Amino acid sequence: MNDSSSLVIHLLGKEYRVACPVGEQDNLLRAARYLDTQMREVKQANVIGLERIAIMAALNISHELLEARSKASSDETGSARMQALIDRLEGELRALEDLTPQNRSSVKP
């Protein structure tokens, strides 16, 4: 059974046929459109030559990826710290609830 097919993508007006797993065509087309947009932006900055344009676009996309991963990691760390604070607060509230019945018996209305 064949679990991949080929798909035609367009980058800077050129056509490329690439292998693509079945069911991933939409994702590949979306990625190709994004890459094409990035390459066109690099080209507009007066970068000459397809190879240089592709390398600069790849560097820009790599930078975006690393920034996104760093932010995601930071968010996970922040979430873990927040959960630890919530757990601590819940523990303190439970301890306070445990003390409350003793305090009620000693307080007269």
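This is a predicted model: local features need pLDDT of at least 70, side-chain atom pairs count only at pLDDT 80 or more; totals for chains, interfaces and linings use all residues.
Let me start with Ile53, which, leaving out residues up to four places away in sequence, touches Leu12, Met39, Val42, Lys43 and Val47, a contact being heavy atoms within 4.5 Å. Residues are numbered from 1 along each chain as its sequence is written, and side-chain values use heavy atoms, with hydrogens and water left out.

Ile53 belongs to the largest nonpolar core, eight residues that also include Leu12, Met39 and Val42; by nonpolar core I mean buried Ala, Val, Leu, Ile, Met, Phe, Trp, Tyr and Cys residues joined through side-chain atoms within 4.5 Å. Strand 1 (4–11), helix 1 (25–44) and helix 2 (50–106) each supply at least two of its residues, and helix 1 gives the most, with three; helices (H or I, at least four residues) and strands (E, at least two) are DSSP runs, numbered from the N terminus.

Helix 1 also holds Asp36, which counts as buried because its relative accessibility is 14%, where buried means under 20% relative accessible area, exposed over 50%, and partly exposed in between, with a 1.4 Å probe and protein chains only. The side chain of Asp36 reaches the backbone nitrogen of Leu12 at 2.6 Å, and Asp36 forms a salt bridge with Arg40, the closest N and O atoms being 2.9 Å apart; the term requires a side-chain nitrogen of Lys or Arg within 4 Å of a carboxyl oxygen of Asp or Glu.

How values were computed. A polar contact is a pair of N or O atoms within 3.5 Å; within protein, one must be able to donate a hydrogen and the other to accept it, and residues adjacent in sequence count only if both atoms are side-chain atoms.
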